[in-house]
Structure formats: structure tokens, C-alpha cells
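This briefing describes how parts of one protein chain pack together. Please look at the sequence and the structure before reading on.

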Amino acid sequence: MNCSQAPDFILLGLSSDPEKWQLFFSIFLAFYLLGLSGNLLLLLAIGADIHLHTPMYFFLSQLSLVDLCFITTTAPKILQTLWTGDGSISFSGCLTQFYFFALFADMDNLLLAVMAIDRYAAICHPLLYPLLMTPCRCELLACGSWGLAHCVSLIYALLLSQLYFHTNEGIPHFFCDFGPLLLLSCSDTHLTESLMMGLSAVLGISALFCIVSSYASIFHAVFRVPSAQGKRKALATCSSHLSVVLLFYSTVFATYLKPPSTSHSSGEVVAAVLYTLVTPTLNPFIYSLRNRDVKSSLRKILNIEKSWD
């Protein structure tokens with residue numbers, strides 16, 4: 001087969017059976033619209049209520065913004081493919097999609113770690129919390145996360161741009177991920193794969209270590225609280241974040257816990273759907289349904305008189 005450094009690709013999508021495309025289109029469209037509306041409403045609720053202008057909600061608004069962009073990176077293309085039956089994508093378009101996919105995935109990872117550190121400071125050092133998590137430091141943490149994610153994503157994209165790929169080949173996925181792309185390369189991908197996997201491992205393990213160590217300290221501090229009510233109140237502020245962490249990392253491990261150059265099964269594609277579409281859609285509902293302050297702000301915005309409690 002011929003090789004090129006900038007070939008056109010074809011995204012093969014979720015199924016080769018055209019009879020299923022309409023069903024998949026309806027499901028993806030429903031999740032996409034739900035994800036857009038949920039994250040936009042959460043951003044609006046946090047921005048409109050001055051009582052929510054705190055470090056915890058600042059980072060939550062950043063997470064909603066990232067999730068909003070995350071689902072927009074992949075969903076419109078798969079919707080177009082399912083509607084028209086044309087999954088063609090240029091090499092530059094594929095590389096651009098992968099760059100933004102990696103950017104927002106890394107941002108999710110980093111923000112979950114930053115939010116765990118914020119909860120650690122609030123619960124383990126409540127008296128020092130206003131001094132530790134000042135607006136300036138919160139903005140530095142957010143900007144640092146964005147900068148690091150941009151740098152890592154740019155490295156990924158530059159590594160892939162140096163490879164040659166088989167022409168007129170289909171990507172066995174519904175978006176441009178680096179695993180399926182490496183399978184189509186006619187270059188030696190060993191160094192590229194090692195660098196990308198190593199960088200991903202360092203970033204992922206570092207963030208996961210921050211989360212685990214923060215919650216180890218939080219649980220240790222909570223267990224020293226004498227009253228059961230005090231323990232419940234302290235843990236209540238972490239329950240939504242823990243739920244999102246478990247949902248995020250379980251889908252990430254299901255998708256990427258093997259070398260990217262190996263073939264991809266249908267189960268991994270399903271896990272990728274959960275990771276790229278379902279998780280960003282559910283995040284705002286996990287936070288809003290368990291949070292009285294967010295629900296109160298949403299009621300004011302939507303003029304809902306009936307209590308959600």
C-alpha cells in the first residue's frame with residue numbers, strides 16, 4: 001500500500017450496518033444536547049450567584065467549560081458521519097481533532113486533581129483555607145493546568161505529524177485517537193508510542209497520586225471528627241467529586257489500559273463512548289443534583305418555585 005505523510009482518512013464509526021445509524025444518531029444527539037445544556041446551565045448558575053464565587057465553584061466552572069468543549073470535539077463529527085454516511089476526514093482535520101481531544105482530556109485529569117487539593121485544604125485546614133486558596137492562587141492553578149495540557153497535546157500532535165500513514169485507509173473508531181492512528185502508520189511507531197504512553201502515564205499517575213493522597217488525608221481527618229453529623233457534613237462536600245473521579249478513571253482505564261498499537265475491540269469503542277460523551281454529560285448533573293447551593297441558583301435562573309429537595 002502507498003504511504004503518505006498527510007493522507008485522507010475515513011472514520012468507520014460505530015457500525016458498518018446502515019440500519020443502525022439512525023439509532024446511533026438519535027442517541028448521540030440526545031447526549032450531546034443534554035451535555036451542552038447541562039454544562040451551560042451549571043456555568044450560568046455559578047456565574048450568576050455571587051455566593052458561588054468560591055474556589056470550589058471556580059474549579060467546577062472550569063470543569064464544566066472543559067466538558068462542554070470535550071463533547072464538542074468529537075460529537076459533531078460522528079453526528080455528521082451517521083447522518084450523511086460520509087466519514088471522510090483530512091489529515092489536518094484529524095490531527096486538529098486529536099489535539100483538542102487530548103487537550104480537554106488532560107484538562108479533565110488535571111482539574112480533578114486540583115479539585116481534590118482544594119477539598120483537602122478546605123477539610124484538613126479549614127482555618128487556613130481562605131489564605132491557602134486565594135483567588136490569585138486559584139487562577140494560577142487553572143492557568144497552569146491549561147498551559148500544561150496545551151504543551152502535552154502539542155507534543156502528541158507533533159509526534160503524530162512526523163509519521164507516514166497508509167493511504168485510503170479507514171480508522172476503526174468514531175474519532176481520531178492516537179491508538180487507531182498508530183495502527184495505520186507505515187513508519188516505525190515504537191519511539192512515538194513509547195513517548196506518548198510515557199508522557200500520558202506521568203501526567204495521569206501524577207494527577208491520580210494527588211487525588212489519592214488528598215483523600216487519604218481527608219478520610220484521616222474526617223475519622224477524627226467526634227460527631228457522626230460532623231463526619232457526614234465533611235464527606236458530603238466530597239461525594240460529588242468522588243463520583244466524578246470514579247466515573248472518569250474507570251472509563252479511561254477501560255479505554256487505554258493496553259498498548260495503543262494493538263487492535264481495538266468493540267468493548268473498547270463502547271468504553272470510549274462512555275469516556276468522551278457520557279461522562280462529560282453526567283458531570284454537571286452529578287454536581288447539581290447533590291448540591292443545594294447549585295440547585296438554589298438554578299431555581300432562580302429558571303424561575304422554578306417548586307423545591308427539588
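Which residues does L160 touch, not counting residues up to four places away in sequence? L160 touches F91, L95, F98, F165, F178, L181, L182 and M196, where contact means heavy atoms within 4.5 Å. This is a predicted model, in which local features need pLDDT of at least 70 and side-chain atom pairs count only at pLDDT 80 or more, while totals for chains, interfaces and linings use all residues. Residues are numbered from 1 along each chain as its sequence is written, and side-chain values use heavy atoms, with hydrogens and water left out.

**Nonpolar core**
- The largest nonpolar core has 84 residues, and F9 and L160 have the most contacts inside it.
- Helix α3 (residues 91-124) supplies the largest share of this core, 21 residues.
- A nonpolar core is a set of buried Ala, Val, Leu, Ile, Met, Phe, Trp, Tyr and Cys residues joined through side-chain atoms within 4.5 Å.
- Buried means under 20% relative accessible area, exposed over 50%, and partly exposed in between (1.4 Å probe, protein chains only).
- Helices (H or I, at least four residues) and strands (E, at least two) are DSSP runs, numbered from the N terminus.

**Helices α5 and α7**
- Helix α5 (residues 135-161) packs against helix α7 (residues 190-223) at an angle of about 165°, and their axes are 10 Å apart.
- Axes are lines fitted to C-alpha atoms, for helices over the stretch in contact, and angles run from 0 to 180 degrees between N-to-C directions.
- α5 and α7 are therefore roughly antiparallel to each other, a term for angles over 145 degrees.
- On the α5 side, L148, V152, I155, Y156, L159 and L160 meet T192, L195, M196, L199, S200 and L203 in α7.

**Helices α3 and α8**
- The axes of α3 and helix α8 (residues 228-256) cross at roughly 150° and come within 11 Å.
- That makes α3 roughly antiparallel to α8.
- Among the residues of α3 that meet α8 are F101, A105 and D108.

**Two buried residues**
- F174 is in the loop between β5 (169-171) and α6 (178-183).
- F174 counts as buried because its relative accessibility is 1%.
- Not counting residues up to four places away in sequence, F174 touches L11, G13, L14, I78, V269, A272, V273 and T276.
- F174 and A272 are 98 residues apart in sequence and 9.1 Å apart in space, C-alpha to C-alpha.
- T81 lies in helix α2 (residues 55-84) and counts as buried at 9% relative accessibility.

Notes
Angles under 35 degrees count as roughly parallel, over 145 as roughly antiparallel, 65 to 115 as roughly perpendicular and the rest as oblique.
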